[in-house]
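Colleague: I'd like to learn how to read a model like this one. Could you take me through it, feature by feature?

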Amino acid sequence: MDIVDRLLLNRRTIRKYSDKPIDDNLLDDLLRMGCRTATTGNMQVYSIIITRDHVMKGKLAPLHFNQKMITEAQVVLTFCADFNRFNKWCRQRKADPGYDNFLSFFTAAIDALLVAQTVCIAAEARGLGSCYLGTTTYMSDKIIEVLDLPKGVVPVTTVTLGWPAETPEQVERLPLEAVVHREIYKNYSAKDIDNHYMLKEKRSDSQQFVKENNKETLAHVFTDVRYTKADNVHFSKVFLKVLKDQGFMNQ
Ligand SMILES: Cc1cc2nc3c(=O)[nH]c(=O)nc-3n(C[C@H](O)[C@H](O)[C@H](O)COP(=O)(O)O)c2cc1C
C-alpha cells in the first residue's frame, strides 16, 4: 500500500500525549504545509493561534469543558475564520470590502477548516497525534476574549497536537454506500438505515454506552445525552450572537 494510503486509512484521533516537546521548526513546517491548502480566491481568510504557554492552556481548558488534551498536548491550535486582515488590506488600498455577512463567514470557516485538516495530515505523517475539539464553537464567545480576537475573527475549531502516548482501536465508519450517492441523491429506506447503522449498533462499546446511559438505543444516547436539542439551541444562540458581534451578520 502507498504510504499516503496507509496514513489515511490507519488514522485515528489521539487524545493521550507524551511530554516530548514539539520543535518550533517542526510546527512551522506543519503550518507551512497547511497553508498550501486550497483557499477561496487565494484570499487565505483564516488565522491560526498557537498556544504553548501553560498559563494560556489553563485559561482555555475550562472553555473546552476541561478536556485534558488542552493541558496535556504540547501544542493547541485554534483555527479561526478571519476577514479582519483581508478587510484591513482592502481599506488600506481604498477598496470597499463587502464581507460583513454570513456567506463571508462561511467562506472563511471553510478555508480555516481545510487548513486545519491539512495540518492534521501533515502532523500525522510525522508521527504526531491530533484531536479536534468541537467545544470551540460552543464557547466561541469566551475563546474570543481569551485569545483577544478582534472583529472579523471567529474561532471555528481547535486541534491539539502531541506525540502519541496511546494507540487506540480505530472506530468504525459507516459503509461507503451509506455516504456515497452516484449521480443523484438516493434517499434511504427504513431497511437501508437498519443496514447502514447495524455495525455501529452492534459494537460492544456502543452497547456499553446504551447500558451506561440507561437508554433504549444508541440513537437515544446521541439525542438525549451527547448532542441534545437544548444544548444545540443554546449554543446556536451564542454562536449567532458571536457572528453578529464579530461583524458577520449584515445582510
Ligand atoms: C469538528 C470535530 C470536533 C470534535 N470534537 C471533539 C471533542 O471535543 N473531543 C474529543 O475527544 N474528540 C472530538 N472529535 C474527535 C471525534 O470524536 C472523532 O474524530 C470521532 O469519534 C471518530 O474517531 P477517529 O477520529 O479516531 O476516527 C472531534 C472531531 C471533529 C471532526
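Modeller: Let's start with Ile3, which is found in helix α1. Helices here are DSSP runs of H or I with at least four residues, strands are runs of E with at least two, and both are numbered from the N terminus. This is a predicted model, so local features need pLDDT of at least 70 and side-chain atom pairs count only at pLDDT 80 or more, while totals for chains, interfaces and linings use all residues. Residues are numbered from 1 along each chain as its sequence is written, and side-chain values use heavy atoms, with hydrogens and water left out.

Colleague: Is Ile3 buried or exposed?

Modeller: Buried means under 20% relative accessible area, exposed means over 50%, and partly exposed is in between, using a 1.4 Å probe and protein chains only. Ile3 has a relative accessible area of 65%, so it counts as exposed. From Ile3 to Leu30 it is 18 Å in space, C-alpha to C-alpha, and 27 residues in sequence.

Colleague: Where does Gln207 sit, and what is its relative accessible area?

Modeller: Gln207 belongs to helix α11. Its relative accessible area is 46%, which means partly exposed.

Colleague: Now backbone angles. What is the phi of Gln44?

Modeller: Phi of Gln44 is near 50°, a positive value in a residue other than glycine. You'll find Gln44 in the loop between α2 (24-34) and β1 (46-51), and its 30% relative accessible area makes it partly exposed. Lys94 also has a positive phi, about 65°, although it is not a glycine. Lys94 is in the loop between α5 (84-92) and α6, and it is exposed at 77%.

Colleague: How do I read pockets, and what is the volume of the largest pocket here?

Modeller: Rolling a probe the size of a water molecule over the atoms shows where empty space is left. On a 1 Å grid over the protein atoms alone, a cavity is a set of points where a 1.4 Å probe fits but cannot get out; a pocket is an open set with protein on both sides within 12 Å along at least five of seven lines, and lining residues have an atom within 4 Å of a point. Points are joined across faces, edges and corners, and the volume is the space filled by probe spheres set on them. The largest pocket holds about 1200 Å³.

Colleague: Which residues lie nearest its centre?

Modeller: Of its 34 lining residues, those are Arg15, Val171, Phe209, Arg226 and Tyr227. Helix α12 supplies the largest share of that lining, four residues. By class, the lining has 17 nonpolar, six polar and eleven charged residues. Nonpolar covers Ala, Val, Leu, Ile, Met, Phe, Trp, Tyr, Cys and Pro; charged covers Asp, Glu, Lys and Arg; the others, Gly among them, are polar.

Colleague: What about the second largest pocket, how many residues line it?

Modeller: It is lined by 16 residues, with Leu7, Asn10, Arg11, Arg12 and Glu124 nearest the centre. Its volume is about 290 Å³. α1 gives the most to this lining, with four residues.

Colleague: Which residues are around the ligand?

Modeller: Near means that a heavy atom of the residue lies within 4 Å of the molecule. Among them are Arg11, Arg12, Thr13, Arg15, Gly134 and Val171. A polar contact is a pair of N or O atoms within 3.5 Å; within protein, one must be able to donate a hydrogen and the other to accept it, and residues adjacent in sequence count only if both atoms are side-chain atoms. An N or O atom in the side chain of Arg15 is 2.6 Å from a ligand oxygen, and for the side chain of Arg11 the corresponding distance is 3.0 Å. A polar backbone atom of Gly134 is 2.8 Å from a ligand nitrogen.

Colleague: Last one: how many disulfides are there?

Modeller: A disulfide is a covalent bond between the sulfur atoms of two cysteines. Taking a pair of cysteine sulfur atoms within 2.5 Å as the rule, the count is zero. For Cys80, the nearest cysteine sulfur is that of Cys35, 13 Å away. Cys80 is buried, at 0% relative accessible area.
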